[in-house]
Amino acid sequence: MRTEPTWRIPVGVIGLTIAIGIYALVVARYVPELIGGWHALLQTPIYIVLGLVWLLPLKRFLVWMETGRWG
């Protein structure tokens, strides 16, 4: 267990916050134009998938924040 704090954790949290914010803005800006006319039951699974897809790279990012390695 590490006893000294590293620079990667605050930088990682800030970077992750910025990346999620940009992703959310892109989804909120462009997806309604594409699927806005669809029935709500067809829109729902798309928004669920888009709401969860940002989790895919999260494990590697958290490993980097903790260890400094991407794998």
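This is a predicted model: local features need pLDDT of at least 70, side-chain atom pairs count only at pLDDT 80 or more; totals for chains, interfaces and linings use all residues.
## Where to begin

Where is the place of leucine 56? Leucine 56 sits in the loop between α2 and α3; helices here are DSSP runs (H or I, at least four residues), numbered from the N terminus. Leucine 56 is exposed, with a relative accessible area of 68%. Exposed means over 50% relative accessible area, buried means under 20%, and partly exposed lies in between (1.4 Å probe, protein chains only).

Residues are numbered from 1 along each chain as its sequence is written, and side-chain values use heavy atoms, leaving out hydrogens and water.

## Helix α1

Let us turn to α1. Its 28 residues should span 40 Å at 1.5 Å a residue, and its end C-alpha atoms are 38 Å apart, which agrees; the expected span is 1.5 Å times one less than the number of residues. α1 bends by about 25° at alanine 28, and proline 32 follows within four residues. That bend is the angle between axes fitted to the seven residues ending there and the seven starting there.

Arg8, Gly12, Val27, Val31 and Ile35 are buried in α1. The buried residues of α1 pack against α2 (40-52) and α3 (58-67), with contact meaning heavy atoms within 4.5 Å.

## One salt bridge

The structure holds one salt bridge, defined as a side-chain nitrogen of Lys or Arg within 4 Å of a carboxyl oxygen of Asp or Glu. Its partners are glutamate 33 and arginine 29, whose closest N and O atoms are 2.3 Å apart. Both lie in α1 (residues 8-35), four residues apart, about one turn of the helix. An α-helix has 3.6 residues a turn, so residues three or four places apart point the same way. Glutamate 33 counts as exposed at 55% relative accessibility, whereas arginine 29, at 45%, counts as partly exposed.

Tyrosine 23 belongs to helix α1 and is partly exposed, with a relative accessible area of 27%. Not counting residues up to four places away in sequence, tyrosine 23 touches Leu50, Val53 and Trp54. The C-alpha atoms of tyrosine 23 and leucine 56 are separated by 13 Å, although these residues are 33 residues apart along the chain.

On the surface, Ile48, Leu52, Val53, Trp54, Leu55 and Leu56 form a nonpolar patch, together having about 550 Å² of accessible area. Patch members have over 30% relative accessible area and no salt bridge, and nonpolar side chains (Val, Leu, Ile, Met, Phe, Trp, Tyr) are joined within 5 Å.

Key: Helices (H or I, at least four residues) and strands (E, at least two) are DSSP runs, numbered from the N terminus. Patches are made of residues with over 30% relative accessible area and no salt bridge: like charges are joined within 9 Å, nonpolar side chains (Val, Leu, Ile, Met, Phe, Trp, Tyr) within 5 Å. Accessible areas come from the Shrake-Rupley method with a 1.4 Å probe; for residues, only the protein chains shown count as cover.
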